[in-house]
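Biologist: I'm new to this one and would like to know what the labels rest on. Can we go through them together?

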Amino acid sequence: MPTPGTRQGQPGVRALGQTVGYSHCNERFRGEVALVTGASRGIGAATARAFAAAGAAVVLVARDADALAAVRAGIEADGGTALVVAADLTRADDAARMAEPAVERFGRLDAAVNAAAAHGGRPTPLAGLAVEEWDRTIAVSLRGAFLSLRAEIAAMVPSGGGAIVNVASTTGFEAVAGLAPYVAAKHGLIGLTKTAALDHAADGVRVNAIAPGPTHTEQLDRAGPAARERVAAAVPVHRLGTPDEVAAAALWLCGDQAAFVTGATLAVDGGLLAGQPPFGASVRSRE
Ligand SMILES: NC(=O)c1ccc[n+]([C@@H]2O[C@H](COP(=O)([O-])OP(=O)(O)OC[C@H]3O[C@@H](n4cnc5c(N)ncnc54)[C@H](OP(=O)(O)O)[C@@H]3O)[C@@H](O)[C@H]2O)c1
């Protein structure tokens, strides 16, 4: 009898307990199908590339079809397999259909990482926040995640289940002033992750989240070196994370080595959520 939470016995998936030598790590999703939302750039694109490098066929979801095609071309140039699905995840019908091409083309869906989000505009104290700004951010970052989960779980259950990772943020635990909709969405996403994990554990679907700290993606790249240095100085390890480091955590949570992990949120934050420096001291002054 298969162990709940693993995909033992399914085609192309190694048996539970089979030793995974380091040299085989890059094959650990061979024969599996993974879907990544927000795959057009940043953490989502890095996660899609990591799945492809680990042997999975990857479905790339976001709005920008050209950017997705560029990610697909990179994956294919490296010998991988990828499919582009242009979808606006604020639209319920787009989201409901996004997993269909995975099942039509590859026959199954085993893993999904929901990285799509809207960051909101300029930091604004709550009382001055435009309702439209609230709605726009929540629509992608929380409602869009709910819609994505629904479609992914429906696609996974017929072939015995799978694993999903929602990309939350350290702001899902600790607020940042001026970012009410983003902070609320990320707190909500962690609650949504727990509920989805409970609701679908018996279906063989694991649902977890990751909480990245400041990560060197396009947004921080545009902010310039001085801003990046300031942000990095607040991180205990004194640097920004990389998209590849966040992707590695997402893949671990999707893999069979995390078969007993569901409803959890893993911080990938260089120690940011661990606590604070001594009163009156910056983290850097402890060097
Ligand atoms: N970068 C960081 O420091 C950091 C830290 C903590 C958490 N995170 C989280 O990590 C995830 C990725 O962030 P990132 O900085 O790598 O990328 P990002 O610049 O926030 O990109 C977001 C992604 O979401 C997609 N997206 C936005 N609106 C969408 C919509 N309506 N429908 C479908 N897709 C949509 C975008 O693609 P299109 O524009 O092509 O649609 C893009 O691929 C996000 O959830 C973010 O909150 C990031």
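Biologist: Which residues is F51 in contact with, once its neighbours within four places in sequence are left aside?

Modeller: F51 is in contact with F29, A34, V36, A56, V58 and L251. Contact here means that the C-beta atoms, placed from the backbone, lie within 7 Å. Keep in mind that this is a predicted model: local features need pLDDT of at least 70, side-chain atom pairs count only at pLDDT 80 or more, and totals for chains, interfaces and linings use all residues. Residues are numbered from 1 along each chain as its sequence is written.

Biologist: Which residues touch the most other members of the largest nonpolar core?

Modeller: V36, A48, F51, V58, L60 and I210 do, in a core of 77 residues. Such a core is a set of buried Ala, Val, Leu, Ile, Met, Phe, Trp, Tyr and Cys residues joined through C-beta atoms within 7 Å. α5 gives the most to this core, with 9 residues.

Biologist: What makes P125 exposed or buried?

Modeller: A residue is buried if 20 or more other C-beta atoms, placed from the backbone, lie within 10 Å of its own, exposed if 12 or fewer, and partly exposed in between. P125 has 9 C-beta neighbours inside 10 Å, so it counts as exposed. P125 sits in the loop between β4 (111-114) and α5. P125 and L179 are 54 residues apart in sequence, and their C-alpha atoms are 7.7 Å apart in space.

Biologist: How much of the protein chain is buried?

Modeller: Buried residues make up 43% of its 287 residues. The chain has 9 helices and 7 strands; helices (H or I, at least four residues) and strands (E, at least two) are DSSP runs, numbered from the N terminus.

Biologist: Why are α1 and α2 called roughly parallel?

Modeller: Helix α1 (residues 42-53) and helix α2 (residues 65-77) have axes that cross at roughly 25° and come within 10 Å. Axes are lines fitted to C-alpha atoms, for helices over the stretch in contact, and angles run from 0 to 180 degrees between N-to-C directions. Angles under 35 degrees count as roughly parallel, over 145 as roughly antiparallel, 65 to 115 as roughly perpendicular and the rest as oblique. So α1 and α2 are roughly parallel to each other. A45, A48, R49 and A52 of α1 make the contact with V71, G74 and I75 of α2.

Biologist: And what makes α1 and α9 oblique?

Modeller: α1 and helix α9 (residues 243-254) pack at an angle of about 55°, with axes 8 Å apart. That angle falls among the rest, so the pair is oblique. The contact takes in G42, I43, A46, T47, A50 and F51 of α1, and P243, D244, V246, A247, A248, A250 and L251 of α9. By class, those residues divide into 10 nonpolar, 2 polar and 1 charged. Ala, Val, Leu, Ile, Met, Phe, Trp, Tyr, Cys and Pro count as nonpolar, Asp, Glu, Lys and Arg as charged, and the others, Gly among them, as polar.

Biologist: How do you know how α5 lies against α6?

Modeller: Helix α5 (residues 131-156) and helix α6 (residues 180-200) pack at about 15°, with their axes 9 Å apart. That makes α5 roughly parallel to α6. Their contact has 13 nonpolar, 4 polar and 1 charged residues.

Key. Two residues are in contact if their C-beta atoms, placed from the backbone, lie within 7 Å.
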